[in-house]
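The sequence and structure come first.

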Amino acid sequence: MDEIAACHRLQHPYILDLLKRLVENSYPMLEVHVQLELKKSLVDHLVQLFGCGHVLPVVDYMHWCMRMETLDQSLIRHFVSEVLSIVQPPYSKDFTSVFLPLVQDQEITGPLINSDKSDAVSMFLAECSRKSKKKKERKL
């Protein structure tokens, strides 16, 4: 699936639809820890799809998962951590508008934050804050 995503851009929406169905499916025949590992693997495929350029739809889906509580917070935390290891400023307004709520949720990102604020979460939030201040200054 990752190779198809990397080589066939027009297949991205179909891959995302498949991953959505697999993530939202329940697997009662599997033990809980096996279910989590399976879903972590699916989140890794979502990160790969994100990395192949299907950015906003993937982040929007994960934001939906957070709002609807369809995915364990540890898996959303894993997604946020992986995405933050990929992205670099400047961040687009569209990306920030859907990704920032995931990062601002303390239950999701709290364990990722260091006391010295040198972690990816703190740096992302600082960059978004700087960008917001610059925007306000331009309006004045």
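## Helix geometry

The expected span of a helix is 1.5 Å times one less than its number of residues. The model examined here is predicted. Helix H5 has 14 residues and should therefore span 20 Å; its end C-alpha atoms are 20 Å apart, in agreement.

The buried residues in H5 are Leu 75, Ile 76, Arg 77, His 78, Phe 79, Val 80, Val 83 and Leu 84. In H6, Phe 95, Thr 96, Val 98, Phe 99, Leu 100, Leu 102 and Val 103 are buried.

## Nonpolar core

In soluble globular proteins, nonpolar side chains tend to be buried together. Here the largest nonpolar core contains 37 residues. Phe 79, Phe 95, Phe 99, Leu 102 and Phe 124 have the most contacts inside this core. Two or more core residues come from each of the helices H2 (12-24), H3 (32-51), H4 (55-68), H5 (73-86), H6 (93-104) and H8.

What does Phe 95 contact, leaving aside its neighbours within four places in sequence? The partners are Phe 50, Val 55, Leu 56, Val 59, Val 83, Val 87, Leu 100 and Phe 124. Among these, Val 83 is a buried residue of H5, and Leu 100 is a buried residue of H6.

## Aromatic pairs

A pair of aromatic rings is described by the distance of the centres and the angle of the planes. The count of aromatic pairs is seven. Tyr 61 and Trp 64 make a stacked pair, with 5.9 Å centre to centre and 20 degrees between the planes. Because Tyr 61 and Trp 64 are three residues apart in helix H4, about one helical turn separates them. Tyr 61 counts as buried, at 5% relative accessibility, whereas Trp 64 is partly exposed, with a relative accessible area of 29%.

One aromatic cluster is formed by Phe 50, Tyr 91, Phe 95, Phe 99 and Phe 124. Phe 95, Phe 99 and Phe 124 are also listed among the core residues with the most contacts.

## Glu 127

Glu 127 lies in helix H8, which covers residues 120-139. Is Glu 127 buried or exposed? The cut-off for buried is under 20% relative accessible area, and at 18% relative accessibility Glu 127 therefore counts as buried. Not counting residues up to four places away in sequence, Glu 127 touches Pro 89 and Tyr 91. Tyr 91 is one of the members of the aromatic cluster.

Note on methods. Residues numbered from 1 in each chain as written. Predicted model: local features only at pLDDT ≥ 70, side-chain atom pairs only at ≥ 80, totals over all residues. Heavy atoms only, no water. Helix = DSSP H or I, 4+ residues; strand = E, 2+ residues; numbered from the N terminus. Buried < 20%, exposed > 50% of the residue type's maximum accessible area, 1.4 Å probe, protein only. Contact = heavy atoms within 4.5 Å. Core = buried A, V, L, I, M, F, W, Y, C linked by side-chain atoms within 4.5 Å. Phe/Tyr/Trp six-rings, centres within 6.5 Å; stacked < 30°, edge-to-face > 60°.
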